[in-house]
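Here is a friendly walk through a protein chain for anyone who likes to see the geometry spelled out. Please keep the model open beside the text as you read.

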Amino acid sequence: MTTTLLTRDFSHYVKDVDAEIAHLDLAVEGVSCAGCMAKIERGLSAMPDVTRARVNLTDRRLAIEWKKGALDPSQFIDRLAELGYKAYPFEPVRAELDEADRSKFLLTCLGVAAFAAMNVMMLSVAVWAGSDMTQDTRDFFHWLSALVVLPCAAYAGQPFFTSAFRALRARSVNMDVPICIGVTLALAMSVVETINHAEHAYFDAAIMLLTFLLAGRFLDQKMRQRTRAVAGNLAALKAETATKFFGADEIREVPIAAIEPGDIVLLRPGQRCSVDGQVIEGRSELDQSLITGETLHAQAERGTQVYAGTLNISGTLRVRVAAAAEGTLLSEISRLLENALQARSHYVRLADRASRLYAPLVHAAALLTMLGWVAWGASWHDAIVTAIAVLIITCPCALGLAIPAVQTVAAGAMFRAGVLLNSGDSIERVAGIDTIVFDKTGTLTLPELDVVNAASVPDEVFSLAGQLALASHHPVAAAVARAVGAKSPLAEVVEEPGQGVRGFVGGQELRLGSPAYCHAEALANEILSQDPEVSVVAFSRGSSEHYVFAVRQRLRPDAVSVIAALQKQGIAIEMLSGDREPAVRHAADTLGISIWQAGVKPADKIAHIEALKQQGRKVMMVGDGMNDAPSLAAASVSMSPISATHLSQATADLVFLGKELAPVLAAVDYSRKAMSLMRQNLALAIGYNVLAVPIAIAGLTTPLIAAIAMSGSSVLVMLNAIRARHAGRRDSLWK
């Protein structure tokens with residue numbers, strides 16, 4: 001008989017990071033604490049050619065990267081099995097179903113434990129109050145308590161027993177091991193006491209302990225689900241299929257993976273767009289609030305840019321695809337958000353290291369407590385009860401949650417305010433800044449140019465100029481075409497490089513380009529003398545009609561109020577721009593920025609930022625464009641608009657959405673609030689252990705009180721973390 005070798009192919013789930021590094025996301029069962037995360041990361045990082053292993057406790061996802069061709073993905077699953085964890089390729093839908101099932105199971109366990117606790121407490125009250133109760137009656141009540149508690153504890157304790165057994169089988173410990181030891185010892189002692197006809201048993205304490213532990217675990221689970229809701233909302237915006245044109249009239253529903261740039265797709269009313277692209281036919285209204293921050297519907301017609309996740313409100317559109325699947329702007333936003341939730345700050349790493357020390361320390365403390373009490377003359381019974389209380393009360397759930405809870409809540413809140421994190425410690429670095437250096441073009445101003453003297457040009461002339469401008473590649477000419485809403489270019493237009501474009505209408509020559517090319521130097525000089533910061537483009541019809549369009553970038557609509565609010569916080573504001581001095585001076589005067597420089601080259605920006613850092617300043621650079629990437633990297637922390645080039649976004653620690661500057665203020669406010677809450681949570685978690693452990697060692701608490709205290713500390717830390725959703729006094733500026 002021949003044996004068939006079973007092979008596992010996970011290549012479908014592997015993604016390329018670059019030419020040398022591969023990436024795989026795995027869902028890992030049984031990850032419940034910082035100790036689990038550390039064990040998994042250390043175990044996988046020790047494998048040859050693994051370059052990165054990072055566990056996200058929020059969705060129990062493992063992100064692993066390795067050198068291509070060196071390892072088979074199935075080896076990671078085998079290694080995790082050796083460590084005591086079951087894993088499989090991460091799929092969002094399956095992960096959501098698994099998490100929903102886990103929440104339901106935890107709630108069921110909590111219900112069983114609470115039911116048993118309420119019934120046993122009624123029996124215990126009778127025993128405590130019955131001073132004249134006979135021995136047989138007391139034994140009957142104890143055995144009745146055992147009959148209720150033992151099966152209920154066996155069922156309700158499954159989340160802890162399973163986790164502890166998995167850890168022990170892998171020859172390691174986690175925070176559930178001492179919990180299980182404490183519960184098992186309490187139940188075993190109660191059975192022994194009942195057999196020996198003792199006056200007291202601890203069935204009530206054991207089941208109440210499980211009740212409080214399950215309540216804390218369930219609340220933790222629900223908070224993680226709420227944290228994932230932001231990323232889940234983004235995932236819900238991703239359409240899995242698109243209606244693609246095959247020929248002039250034939251359309252088919254195809255998966256997004258089958259869509260390529262250049263394809264034409266149909267976008268019906270009520271549908272979400274699944275691609276980035278440009279409208280080539282049709283008129284409609286779009287909800288683009290995710291990208292622009294605007295809640296009002298935007299008009300869509302020929303030439304309008306659309307993005308994946310956009311909701312088509314009314315008409316039918318044909319869209320030429322620019323990017324699909326992982327190449328869309330929505331996918332980029334999702335990637336940045338996932339990076340924020342997976343990344344770890346200095347405080348998170350500090351809390352993780354403290355949590356990893358928990359298992360050996362708590363077991364040693366419990367053992368020494370038991371031996372110490374026996375040596376002091378206490379009975380083994382009392383010594384074991386005290387040791388149980390120590391095992392329970394020292395559980396580091398609060399310490400493990402202290403920082404990640406704040407970080408994940410703050411990341412979600414910042415996203416809702418239009419800010420995406422691209423670095424794990426960016427919250428800490430933003431909270432510490434005292435200086436912000438802004439670029440002007442595309443950062444303090446909107447990327448698009450505006451025609452500021454459109455009202456002085458006749459409509460007929462403006463329309464002709466717009467049609468002619470469609471044939472030009474110059475950004476100033478594009479601003480003219482956009483301002484008039486031109487959709488159909490003139491026929492037989494000739495572009496003369498460096499000069500402009502020309503064509504004929506009704507036997508007359510039309511020109512659009514430089515003032516010299518259109519013989520309009522005098523009119524251009526007159527406009528520039530009145531407003532030196534504008535750019536000009538001239539238009540002529542025949543030899544007698546000459547017009548000049550004044551074009552400039554507009555400041556972001558809330559730039560003045562945001563700059564004022566930042567300065568009010570004591571943050572120094574500077575502006576460095578490569579633009580001409582008149583334009584930079586006008587922007588600085590309008591915004592109230594006293595320190596500014598014009599005509600600055602990339603190397604000069606870096607030198608200026610380094611000089612500020614040498615003075616002890618904590619500098620945030622806010623800019624876009626290729627020339628800002630080096631200065632973004634040089635700053636203490638950096639931020640770019642979503643319209644920035646890909647290089648700048650990859651360099652920046654934070655990215656902001658929309659046309660407003662308010663997300664910059666939101667980033668500062670949320671970061672400072674989050675840092676305050678992180679310190680508070682660390683103080684609460686450490687303070688709890690400093691106070692609780694000596695009390696437990698001294699024998700001044702029972703296992704039941706220890707369970708209440710431990711669960712209460714975790715709930716307190718989580719409730720405090722939820723406050724990170726609100727940055728406080730300036731919410732109205734950026735909501």
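Predicted model: local features only at pLDDT ≥ 70, side-chain atom pairs only at ≥ 80, totals over all residues.

## Surface and overall make-up

Residues are numbered from 1 along each chain as its sequence is written, and side-chain values use heavy atoms, with hydrogens and water left out.

Of the 735 residues in the chain, 52% are buried (buried means under 20% relative accessible area, exposed over 50%, and partly exposed in between). Among contacts with a separation of 6 or more, 68% join residues 24 or more positions apart (contact means heavy atoms within 4.5 Å).

## Two helices side by side

Two packed helices are described by the angle between their axes and the distance between the axes. For helix α12 (residues 380-393) and helix α24 (residues 662-697), the axes come within 8 Å and cross at roughly 170 degrees. Axes here are lines fitted to C-alpha atoms, for helices over the stretch in contact, and angles run from 0 to 180 degrees between N-to-C directions. The pair α12 and α24 is therefore roughly antiparallel (under 35 degrees counts as roughly parallel, over 145 as roughly antiparallel, 65 to 115 as roughly perpendicular and the rest as oblique).

Which residues of α12 and α24 meet? From α12 come Thr386, Ala389, Val390 and Ile393, and from α24 come Tyr688, Asn689, Ala692, Ala696 and Ile697.

## Aromatic rings and charges

The structure holds 4 aromatic pairs; rings of Phe, Tyr and Trp (its six-membered ring) pair if their centres lie within 6.5 Å, with planes under 30 degrees apart counted as stacked, over 60 as edge-to-face and the rest as tilted. One of them joins Phe105 and Tyr155 edge-to-face, at 6.2 Å centre to centre and 70 degrees between the planes. Phe105 lies in helix α3 (residues 92-129) and Tyr155 in helix α4 (residues 135-156), so this pair ties together parts 50 residues apart in sequence. Phe105 is partly exposed at 29% relative accessibility, and Tyr155 is partly exposed at 33%. Phe140 and Phe141 also form an edge-to-face pair, 6.1 Å centre to centre with 70 degrees between the planes. Phe141 is buried, at 19%.

Charged ends meet rings too. Arg252 lies over the face of Phe246, 4.1 Å from the ring centre, and the charged end of Arg511 sits over the ring of Tyr517, 4.5 Å from its centre. A charge sits over a ring if NZ of Lys or CZ of Arg is within 6 Å of the ring centre and within 35 degrees of the ring normal.

## Loops with positive phi

Asp49 is not a glycine, although its phi is positive at about 75 degrees. Asp49 is found in the loop between α1 (34-45) and β3 (50-56) and is partly exposed, with a relative accessible area of 33%. Glu492 also has a positive phi, near 55 degrees, in the loop between α17 (475-484) and β18 (494-496). Glu492 counts as exposed, at 74% relative accessibility.

Terms used: Helix = DSSP H or I, 4+ residues; strand = E, 2+ residues; numbered from the N terminus. Buried < 20%, exposed > 50% of the residue type's maximum accessible area, 1.4 Å probe, protein only.
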